[in-house]
Amino acid sequence: MSSGCALRVVHDHDPVDLGAAEVAAEQFLLALGISLDSEGIRATPGRMARAYAELLTARPFDLTTFPNDEGYDELVLARSIPLRSVCEHHLLPFVGVAHVGYLPGDRILGLSKLARVVEHFAHRPQVQERLTKQVADWLADQLHAKGVGVVIEAEHFCMTLRGVQAVGSSTVTSSVLGTLRQDARSRAEFFALSGITA
Ligand code: ZN
């Protein structure tokens, strides 16, 4: 049995002040002309504060990696990882899926951890392009993988709720590094397995 090596990954932003966020949410709603008198909406500022705090704070996790003792050198791909993030331009959600793959080098990791890495970078104000690249760069750094590929398909509520785009339209971004970038066949295999046709 190989021994694992764990890295504690924690969120790196300033502490959350829920009370201040609730007061600000109340002021925000009042400024938009929304009365907070009725029973259903009275506690909404507190709920808004807690909901955004949750969306913008990633849960800590341990990135456990293992030596690649068997010398596995084929693509490892986690498909359709659910993704929820918040666009930094409007603070509205964007939701979709991420496909994350890598060509192992010296170390491999548990598949569920790929989802945790996506969650880690998604729980902050984001733009989809940067999120895609951050996940790929971080995995390349941590795993010393021969190649890393990340594809994200997401629907942005700031677009689909405001009339310019039809509901259901999605934005696709990708970041491929190392062998997956340089070698045409590996690259094509990654995109084919991700369900993206070039
Ligand atoms: Zn936006």
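Tutor: Let's begin with domains. Domain bounds come from an automatic or database domain assignment. For this chain the assignment gives domain 1 (5-11 + 65-194) and domain 2 (18-55). This is a predicted model, where local features need pLDDT of at least 70, side-chain atom pairs count only at pLDDT 80 or more, and totals for chains, interfaces and linings use all residues. Residues are numbered from 1 along each chain as its sequence is written, and side-chain values use heavy atoms, with hydrogens and water left out.

Student: What separates the centres of domain 1 and domain 2, in Å?

Tutor: 33 Å, taken over C-alpha atoms. The C-alpha atoms of the chain fill a box of roughly 65 × 40 × 20 Å along the principal axes.

Student: How many helices and strands are in the chain?

Tutor: Eight helices and eight strands. Both are DSSP runs, numbered from the N terminus: helices are H or I with at least four residues, strands are E with at least two.

Student: What percentage of the residues in the chain is buried?

Tutor: Buried residues make up 37% of the 198 residues. Buried means under 20% relative accessible area, exposed means over 50%, and partly exposed is in between (1.4 Å probe, protein chains only).

Student: On to the metal. Which residues are the protein donors of the zinc ion?

Tutor: Cys87 (SG), His90 (ND1) and Cys158 (SG). They lie 2.1 to 2.3 Å from the zinc ion. Donors here are N, O and S atoms within 2.8 Å of the metal (3.2 Å for Na, K and Ca); water is not among the atoms, so sites may look incomplete.

Student: What spacing do the donors follow along the chain?

Tutor: C-x2-H-x67-C. Cys87 lies in strand E3 (residues 76-87) and Cys158 in helix H6 (residues 157-160), so the pair ties together parts that are 71 residues apart in sequence.

Student: Are those two cysteines buried or exposed?

Tutor: Buried. Cys87 has 4% relative accessibility, and Cys158 has 8%.

Student: Next, H4. How many of its residues are buried?

Tutor: Eight of the 11 residues of helix H4 (residues 112-122) are buried, so H4 is largely enclosed by the rest of the structure. Among the buried ones are Lys113, Glu119, His120 and Phe121.

Student: What does Phe121 pair with?

Tutor: Trp138. Rings of Phe, Tyr and Trp (its six-membered ring) pair if their centres lie within 6.5 Å; planes under 30 degrees apart count as stacked, over 60 as edge-to-face and the rest as tilted. By this rule the count comes to two aromatic pairs. In one of them, the rings of Phe121 and Trp138 have centres 6.0 Å apart and planes at 65°, so the pair is edge-to-face. Phe121 lies in H4 and Trp138 in helix H5 (residues 128-143), so the pair ties together parts 17 residues apart in sequence. Both residues are buried.

Student: Which helix supplies the largest share of the lining?

Tutor: H1, with five residues. Helix H1 (18-31) and helix H3 (44-55) each supply at least two. The lining includes Phe28, Met48, Tyr52 and Leu91.

Student: How do the lining residues divide by type?

Tutor: Into 11 nonpolar, no polar and one charged. Ala, Val, Leu, Ile, Met, Phe, Trp, Tyr, Cys and Pro count as nonpolar, Asp, Glu, Lys and Arg as charged, and the others, Gly among them, as polar.

Student: Last one, backbone. Where is Ser80 found, and what is its phi?

Tutor: Ser80 is found in strand E3. Its phi is near 55°, a positive value in a residue other than glycine. Ser80 is partly exposed, at 38% relative accessibility. His144 also has a positive phi, about 50°. His144 lies in the loop between H5 and strand E7 (147-156), and at 57% relative accessibility it counts as exposed.

Terms used
1 Å grid on protein atoms, 1.4 Å probe; cavity = no way out; pocket = protein on both sides within 12 Å on 5 of 7 lines; lining within 4 Å.
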